[in-house]
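Here are my notes on this one, as promised.

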Amino acid sequence: MMPLLDIRDVTTEFATADGAVTIVDAVSLSVDRGRTLCIVGESGCGKSMLSLSLMRLVPAPGEVSTGQVLLDGQDLLALDEEAMRSVRGRRMAMIFQEPMTSLNPVFTIGDQIVEALRCHDRTTGRKELERRALDALVQVEMTDPVRRMKQYPHELSGGMRQRVMIAMALVTRPELLIADEPTTALDVSVQAQILDLLKRLQEETGMGVVFITHDLGVVSEIADEVAVMYAGQVVERAPVADLISDPQHPYTIGLLASVPELDGAAARLHAIDGIVPAPDSFPAGCRFHPRCAFATPACADTQPALRAVTPAHQVACLRAPLEEHW
Ligand SMILES: Nc1ncnc2c1ncn2[C@@H]1O[C@H](COP(=O)(O)OP(=O)(O)OP(=O)(O)O)[C@@H](O)[C@H]1O
Ligand SMILES: [Mg+2]
């Protein structure tokens, strides 16, 4: 069966005075209907830039230079801007990393949801659109939805604003939702409520979800499949249970080791030494090799390609599988 979203070899570059810099490098991934793909990686790995590439919202002077983004078989990168505008919002919607910057401070919540609807439906009357906007607030379990319709973003808490963002994204019933760290700014209990809400809405609608996070605790909650990104590339990809029980890439192993232990006692946090390189100074060979405890001289020369360790589990590491080295 054709996946809902099929990302093929997508590369996104930014023009600079010193030539093009590659931010997303030949990424291939797919998402089925009703499923959640989590994309994880440290800050600066290119997660947001990948999601903007899927929506064709990469800011200039950046652009998707090669690849295909097939939504139900149709290449979004080949559409003209008008056709793409109609796909955006109606068939695929995005929740951005920072809810406050994506809500307009001078319009009421109700007006903003009505506007999201009106972008794709110019024939339905105002009263009916307001009714649908109110329904959307009810659907995201907003307390006191009638009053919220008339409130402004600054009158709401962070968790309520994020519910408004979800309501706005889902009010047009998209087939695909792209959520870029939608819970990062929220405290843990509100975060859990929002994740539950997204899961429930996904069960009701059957939409596919691309969920971006750097939090592996969140991944274990909601992912079906996980892609680990490092320095613009996918370095490991697997069903969530395989990734957590049998991580193959040293970067993934490091990320998992940096999750605070959940036994309530001393939360231990092992960060991976070093930092993500900037896109204009990616090292030769494996981009992770300068930080990798398992690196050999070959790792500094050869860029490892993604290869299958099991049919569903792929890794880009010359040394995988690593078991014998522990
Ligand atoms: N407008 C831009 N122009 C040039 N480079 C950019 C631009 N926006 C982002 N970058 C660079 O692209 C790389 C990837 O950034 P991106 O925002 O996609 O990372 P991320 O994985 O989403 O990080 P975070 O977890 O902090 O959100 C970074 O090195 C960043 O500096
Ligand atoms: Mg980001």
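1. First, a convention: two residues are in contact if their C-beta atoms, placed from the backbone, lie within 7 Å. On that basis, and leaving out residues up to four places away in sequence, Ala-169 touches Ala-93, Met-94, Ile-95 and Leu-177.

2. Some housekeeping. This is a predicted model, where local features need pLDDT of at least 70, side-chain atom pairs count only at pLDDT 80 or more, and totals for chains, interfaces and linings use all residues. Residues are numbered from 1 along each chain as its sequence is written, while chains are lettered from A and ligands numbered from 1 in the order in which they are written.

3. On the overall fold, I get 11 helices and 12 strands (DSSP runs numbered from the N terminus: helices are H or I with at least four residues, strands E with at least two). The radius of gyration, taken over C-alpha atoms, is 21 Å, close to the 20 Å from the globule rule for 326 residues, so the chain is as compact as a globular protein of that length. That rule is 2.2 Å times the number of residues to the power 0.38.

4. Of the 326 residues, 38% are buried, that is, with 20 or more other C-beta atoms within 10 Å of their own, all placed from the backbone. The largest nonpolar core has 83 residues, and Ala-169 is among the members touching the most others, along with Ile-39, Ile-113, Ala-167, Val-226 and Val-228. (A nonpolar core is a set of buried Ala, Val, Leu, Ile, Met, Phe, Trp, Tyr and Cys residues joined through C-beta atoms within 7 Å.) Helix H7 (residues 158-170) contributes the most to this core, 8 residues. Domain 1 (5-91 + 174-325) and domain 2 (106-172) both supply members, so the core lies between them.

5. Those domain bounds come from an automatic or database domain assignment. The C-alpha centres of domain 1 and domain 2 are 30 Å apart, and 14 residues of domain 1 are in contact with 12 of domain 2. On the domain 1 side, H8 has the largest share, 6 residues.

6. Now the ligand. Which residues come nearest to ligand 1? Of the 16 around it, they are Ser-43, Cys-45, Lys-47, Ser-48 and Met-49 (a residue is near if its C-beta atom, placed from the backbone, lies within 6 Å). Helix H1 (residues 47-55) gives the largest share of this shell, 3 residues.

Definitions and conventions
Buried ≥ 20, exposed ≤ 12 C-beta atoms within 10 Å, placed from the backbone.
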